[in-house]
Amino acid sequence: MDTVRTRFAPSPTGYLHIGGLRTALYAYLFAKKNGGKFILRIEDTDQERYVDGSVEIIYRTLKQAGLNYDEGPDVGGDYGPYVQSERKEIYLKYAHELVERGGAYYCFCSKERLEELHASGATKYDKHCLHLSKREVERRLAAGEPYVIRQNIPESGVSTYHDLVFGDITVDYKDLEDNILIKSDGMPTYNFANVIDDHLMRINYVIRGTEYLSSTPKYNLLYQSYGWELPNYIHLQPIMKDATRKLSKRYGDASYEDFIKKGYLSEAIINYIALLGWSPKNDMEKFSLKEMEEMFSIEGLSKSASIFDETKMRWLNSLYIKDMTDEEYYDYAIKFFDQVPYLKGYDYRLLASLLKGRTEVFSDVGKLTEFLTEFDGYDLSAFENQKWKTDGKLAKEMLPDLIRLTEENAENNFATLHDALVEYAQSKGYKKGQVLWVYRIALTGSLVTPGGAIEMAQLLRKDESVRRLKESLNRL
RNA sequence: GGCCCCAUGGUCUAAUGGUUAGGACAUCACCCUUUCACGGUGGUAAUAUGGGUUCGAAUCCCGUUGGGGUCACCA
C-alpha cells in the first residue's frame with residue numbers, strides 16, 4: 001500500500017478557527033497513525049479575501065499545537081510549491097489539457113448574460129459556450145476576449161463514490177453545475193486547484209468538511225478525465241456553536257489563539273476538540289497528542305455535528321493544570337498574574353501554590369483573588385455561618401483578641417499564628433472552626449477565598465492583616 | 001425550493017439485531033474539609049415521531065418532523 005498522505009489546506013482569510021484546527025488535527029492524526037505524511041498547503045487563489053498575516057498565524061498555530069507538517073511552504077518538500085498562488089502556470093497547463101480532453105470548455109459569457117440567465121429562472125449555467133465552434137473559440141481567444149474555463153458536467157447520469165465516514169454518496173449530474181475552473185484573472189477556483197494539487201502532491205486521503213460532500217462527484221469527474229486514481233474521502237461534520245449555527249469567527253467565536261489568551265493550555269484545547277466528532281474505543285477522555293496518534297481511527301468519527309461546550313473544555317483544562325508541577329504552574333501563571341494590576345507586590349510563589357488546585361483556566365486568577373482589592377465595604381452578613389454558628393456579634397467579641405494574637409504571632413512564622421488561634425479557641429471555649437471562620441471573613445470579607453484563614457493572613461502579611469482585622473472590627 | 005447528509009440525557013458520546021441503554025461534562029444530594037475548591041459516594045436525566053421487517057429493533061426499511069450542507073469568477 002502507498003504511504004498515506006493527508007493535507008490541511010486552509011485559505012489565509014483570517015484567524016485559524018477551532019473547526020479548521022480540528023480538521024487539521026484529524027488529518028495529522030490519520031497520517032501519523034498510519035505512518036504517513038501530513039502536508040500543509042495554502043489555498044490563496046482568492047486575492048479578494050486574503051488577509052495579511054494569516055499565513056503566519058496558520059504556521060504558528062499548527063506548530064504550537066504540535067501538528068507538525070512534513071511538507072509545507074515554510075518547511076519545503078518534494079511536491080512544492082505549497083502555496084497555490086505560486087502554482088498558477090501549473091493549473092493553466094492542466095486546464096488547457098482538460099479542454100482538449102473534452103472535460104472543460106472556454107466560456108465568454110458576460111456577467112450580464114449570466115445575470116439574465118439567473119433572473120429568467122435558470123438554476124444553473126446553460127452550457128451556452130460549450131456549443132461554440134472550435135474556430136469561433138480560437139478567433140475570440142486570439143482577439144483577446146476575456147474568458148473563463150468551465151467544467152463540462154454530463155447532462156445526465158449519476159455518480160456514486162464512497163466516503164469513509166458516510167458510506168456511499170450518490171449525486172445526479174443534473175444537479176451539478178458547469179463550475180468555473182479558471183477565473184478570468186487566470187487563477188483557478190477551489191473546484192479545480194484542489195484536485196490538481198491533491199493529485200500532484202500525492203494526497204490519497206482527502207479529509208475536509210462536509211460542505212464538499214455533494215460536490216465531490218465533480219472532483220471525481222476531473223480525476224477521471226485525466227485518468228488519475230481517486231483519493232479516499234473522509235468528510236467531517238462541522239462544530240456548532242449551538243443547534244443551528246456553526247462555530248465561526250464571524251460570530252465572534254473564540255479562535256485557538258483567543259483560548260490560549262484566556263488561559264487554556266494548548267494540550268487541553270487539542271484534547272477537547274479531538275473529542276468533538278471522534279471518540280476512542282475505550283472510554284478514555286484525556287490523552288496526549290502522542291496517545292491520540294496511536295488511538296486514532298476513522299471508525300470513531302461521528303456522522304453528526306457536535307456543539308462546542310466550553311464548560312467541558314474548562315474541566316479538561318483543569319485536569320491538565322493539576323498535572324503541572326508547581327514550577328510549571330508558577331512559570332505559566334506569572335504572565336496572568338501580571339495582567340491583574342492589584343496582584344503587584346504579592347508573593348507570586350505563594351499565590352501560585354494557593355491557586356494551583358483551584359485554577360480551571362488561567363484567567364481565573366483574577367476572579368479568584370478579587371478579595372484582595374474588594375475588601376472595603378464588604379457585606380457583613382458574611383460572618384453568619386450556620387454550620388459554625390457564627391455571626392457579627394460573635395465576631396465583634398473575638399476580634400480584639402484576634403488582632404492582638406496576629407500582632408504577636410504573625411511576624412515571620414505563620415504556623416505560630418495557627419497554633420495561637422487554636423489555643424485561643426480552646427481557652428475561650430470556641431470551636432476551632434468558629435474562630436477560623438470569623439478570622440478569615442474579617443480578613444478577606446469574602447465567603448470564598450483560595451485558602452484558609454492562616455494562608456490568607458500569610459498572603460496579606462502582618463501589617464495588612466492587622467489593618468483589615470481592625471477595619472472589620474470598626475465596622476462591626 | 002431542488003439535491004446531499006444527519007438524528008441516543010442539557011452537552012460530547014458508547015452500544016454495528018438480544019445490555020437493567022454504558023461513560024464523561026454539567027446539575028442535585030451526601031461525605032471529607034478552618035472557607036471555597038479538589039477528591040469520594042450516590043441520584044435526576046436519552047434512543048425525535050409514525051409505520052413496517054423480525055421471536056426480538058436505539059440498531060434494518062419506508063414515511064413524517066427537526067437540523068445541517070449545497071445550489072458563486074468563495075473556499
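Me: What share of the 476 residues of chain A counts as buried?

Reply: The share of buried residues in chain A is 53% of 476, where buried means under 20% relative accessible area, exposed over 50%, and partly exposed in between (1.4 Å probe, protein chains only). This is a predicted model, in which local features need pLDDT of at least 70 and side-chain atom pairs count only at pLDDT 80 or more, while totals for chains, interfaces and linings use all residues; side-chain values use heavy atoms, without hydrogens and water. Residues are numbered from 1 along each chain as its sequence is written, and chains are lettered from A and ligands numbered from 1 in the order in which they are written.

Me: What makes Arg 7 and Asp 198 a salt bridge?

Reply: The criterion is a side-chain nitrogen of Lys or Arg within 4 Å of a carboxyl oxygen of Asp or Glu. The closest N and O atoms of Arg 7 and Asp 198 are 2.7 Å apart, so the pair meets the criterion. Arg 7 belongs to strand E1 (residues 5-8) and Asp 198 to helix H6 (residues 190-200), 191 residues apart. The structure holds 34 salt bridges.

Me: Why are Arg 7 and Asp 198 called buried?

Reply: Arg 7 has a relative accessibility of 4% and therefore counts as buried. Asp 198 comes to 0%, so it counts as buried too.

Me: Which parts does the salt bridge between Arg 41 and Asp 198 tie together?

Reply: The side chains of Arg 41 and Asp 198 meet at 2.9 Å, N to O. Arg 41 lies in the loop between strand E2 (37-40) and helix H2 (54-64) and Asp 198 in helix H6, so the pair ties together parts that are 157 residues apart in sequence. Arg 41 is buried, as is Asp 198. A network of salt bridges links Arg 7, Arg 41, Glu 43, Arg 87, Asp 197 and Asp 198.

Me: Why are Arg 314 and Glu 360 called partly exposed?

Reply: Arg 314 stands at 23% relative accessibility and therefore counts as partly exposed. Glu 360 is partly exposed as well, with a relative accessible area of 32%. These two residues form a salt bridge whose closest N and O atoms are 3.2 Å apart.

Me: Which residues touch the most other members of the largest nonpolar core?

Reply: Leu 62, Leu 67, Phe 192 and Phe 308 do, in a core of 156 residues. Helix H1 (residues 18-33) gives the most to this core, with 10 residues. A nonpolar core is a set of buried Ala, Val, Leu, Ile, Met, Phe, Trp, Tyr and Cys residues joined through side-chain atoms within 4.5 Å. Leaving aside neighbours within four places in sequence, Phe 192 is in contact with residues including Tyr 91, Leu 98, Leu 181 and Tyr 226.

Me: What makes E3 and E4 a strand pair?

Reply: Pairing requires that DSSP finds at least two bridges between the strands. E3 and strand E4 (residues 148-151) have 4 bridges in the antiparallel sense, so they count as paired. Tyr 106 stands opposite Ile 149 in E4. The open sheet has 3 strands in the order E3-E4-E7, with antiparallel pairing. Its edge strands, E3 (104-107) and E7 (180-182), each pair on one side only.

Me: Why is Lys 127 called buried?

Reply: Lys 127 has 10% relative accessibility and therefore counts as buried. Its place is in the loop between helix H4 (111-119) and helix H5 (134-142), and its phi is near 60°, a positive value in a residue other than glycine.

How values were computed:
Helices (H or I, at least four residues) and strands (E, at least two) are DSSP runs, numbered from the N terminus. Contact means heavy atoms within 4.5 Å.
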